[in-house]
Amino acid sequence: MRKAIYPGSFDPVTNGHVDIIRRSLRLFDEVVVAILVNPTKQALFTIEERRDMILEAVASDRVRVEFFDGLLVQFAASRGASAIVRGIRAVADYEYELQMAHMNRRLEPGVETVFLMSADEYSYVSSRLIKEVASLGGAITGLVPATVEARLKARFAPAGPEE
Ligand code: PNS
């Protein structure tokens, strides 16, 4: 049984993330999407909302969503995972990802980092840009799952007139 951890903030999940999860399922029997619990980082969605959006977007009995804090490799080892999956969109991602992969291997040589190239149609998509565009009323259709688009619209809808 090959298990992989796909870690991140997922605030919110994008179609780029969903594509990586789907492709990971071709390589692994089970993918645990691991949402980092980071109270110091200001997030738009709660970790529970982020989990629900991932589960709504990817319905598979081979995908689980869990929360983690502390060291990623410790979480991966505790779940019996053989790999950490990360998506690489462009060269700009590579340097930081390489540093993390080396550090993670030093900390836990039993867990491999596997990089998947993002689909080219999502190569410029990030949760940060999605939030910015949505907050300013721009179109994000096709870049995020429909459930995420609906929640972003609700979050950024102009407040109605006060009673
Ligand atoms: O979605 P992100 O912000 O790109 O995900 C970054 C993440 C969660 C993979 C990274 O911050 C992480 O692994 N944090 C857990 C703490 C840890 O293990 N740090 C050492 C990494 S070498």
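Colleague: Which element gives the most to the lining of the largest pocket?

Modeller: In general, a probe the size of a water molecule, rolled over the atoms, shows where empty space is left. Here, H4 gives the most to the lining, with seven residues. This is a predicted model, in which local features need pLDDT of at least 70 and side-chain atom pairs pLDDT 80 or more, while totals for chains, interfaces and linings use all residues. Numbering runs from 1 along each chain as its sequence is written, and side-chain values use heavy atoms, without hydrogens and water.

A pocket is an open set of points on a 1 Å grid over the protein atoms alone, where a 1.4 Å probe fits, with protein on both sides within 12 Å along at least five of seven lines; lining residues have an atom within 4 Å of a point. Helices (H or I, at least four residues) and strands (E, at least two) are DSSP runs numbered from the N terminus.

Colleague: Which residues lie nearest the centre of the largest pocket?

Modeller: Among its 42 lining residues, these are Gly 8, Ser 9, Phe 10, Lys 41 and Arg 86. Elements giving two or more residues to this lining include strand S1 (3–8), strand S4 (83–88) and helix H4 (91–107).

Colleague: What space does the ligand take?

Modeller: The ligand takes the largest pocket; more than half of its atoms must lie within 2 Å of the grid points. H4 also gives the most to the shell around the ligand, with three residues.

Colleague: Which atom of Ser 9 is 3.0 Å from a ligand oxygen?

Modeller: For Ser 9, a polar backbone atom; for Arg 86, a side-chain N or O atom lies 2.9 Å from a ligand oxygen. Polar contacts are N or O pairs within 3.5 Å.

Note on methods: A polar contact is a pair of N or O atoms within 3.5 Å; within protein, one must be able to donate a hydrogen and the other to accept it, and residues adjacent in sequence count only if both atoms are side-chain atoms.
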